[in-house]
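Here are a few notes to go with your first look at this one. Keep the viewer open and find each spot as you read.

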Amino acid sequence: MEEKKQYDDPSLQISKKYLKKAKFEFIDRVFFYLIPTAQKRVEWLKRKNKLAYIGDHVHFQPRKYPTGGSRVKIHDNVAIAADVEFTEHDIIHWIFNGMAGKRDFSEYRGCIEIHENVFIGAGARILPNVSIGPNAIVAAGAVVNKDVAPGTVVGGVPAKVIGSFEDIMEKRKLYSTTHTITPLSPEEYWKEFYQSHKK
C-alpha cells in the first residue's frame, strides 16, 4: 500500500473551477497589457468592472491590474505611474497549510483605497489595508504598508513621510514658470542638465 504524503489532502488541491477561471483571466490580462494608452486602460477597467471603483480623470500607466480588484478603489484625479503594483492579499497561508498538511489557514486579504489628488510613482507597491490621501504623493519604488496621511509625500522601504504635498506643488509651479507647457527640445533639456551638473 502506498504511503500517504503530507501534501496529498484534497483540501490542498487547486479546484478545477479556479483553474478554469484563471484561463479566462489570463486572456484578459494579455489583452490589457496590449492596450496602448493609460486612458484606454482606464476605460477598459471601468467597462470590465475590474476594480471596486475608479473615478474620473484617472491615469493608469501599469500594464497589469490588481488580482483582487474588487478590493481596490481609485478616486478622482489620480495618476498611477508605470509598474505600480497593488497587493490586496498574500499567499503565506499556502506555506502554513502545507505545514499542517491540510487547509487550516485562510488567505489574508485587505482593501486598498486611493483618494483624490494622489500621485503614485513608478514601481511603488501598495500592500493590503492601506488608504492613501487625499492630496498625497508616493515616491517611485516605495513600499506602502500603512496609511498615507493627507497632504504628505512618502518614500522608501517601508514608506515614511519625506515631505509635503504643498511643497512639491510649489516647486512644480515655479518649474512651470520657466518651462512652458510646450516641451523644450532634447538639446535644450541636455543643456539644462549639464548646467545643473557642473562640478
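The points below go through a sheet, a hairpin and one alanine.

1. Before you start, keep in mind that this is a predicted model.

2. Let's begin with the open sheet. Its four strands run in the order β1-β3-β6-β9, and their pairing is parallel. At the edges sit β1 (53-54) and β9 (130-132), each of which pairs on one side only. If sheets are new to you: strands of a sheet pair through backbone hydrogen bonds, either parallel or antiparallel.

3. Now zoom in on one pair from that sheet. β1 and β3 (residues 72-74) are joined in the parallel sense over two bridges. Look for Y53, which has K73 of β3 opposite it.

4. Next, the hairpin. Strand β12 (residues 152-155) pairs with β13 in the antiparallel sense, over four bridges. G155 has K160 in β13 as its bridge partner. Four residues lie between the two strands, and G156 in this hairpin takes a positive phi near 100 degrees.

5. How many of the five residues of β13 are buried? The count is zero, so to speak a strand (residues 160-164) that is hardly covered.

6. Finally, have a look at A81, in the loop between β4 (78-80) and β5 (85-86). Is A81 buried or exposed? A81 counts as buried because its relative accessibility is 15%, and the cut-off for buried is under 20%. Leaving aside neighbours within four places in sequence, A81 is in contact with Q61, P62, F119, I120, G121 and A122. A81 and A140 are 59 residues apart in sequence, yet their C-alpha atoms are 8.5 Å apart in space.

Note on methods
Residues numbered from 1 in each chain as written. Predicted model: local features only at pLDDT ≥ 70, side-chain atom pairs only at ≥ 80, totals over all residues. Heavy atoms only, no water. Buried < 20%, exposed > 50% of the residue type's maximum accessible area, 1.4 Å probe, protein only. Pairing = 2+ DSSP bridges. Contact = heavy atoms within 4.5 Å.
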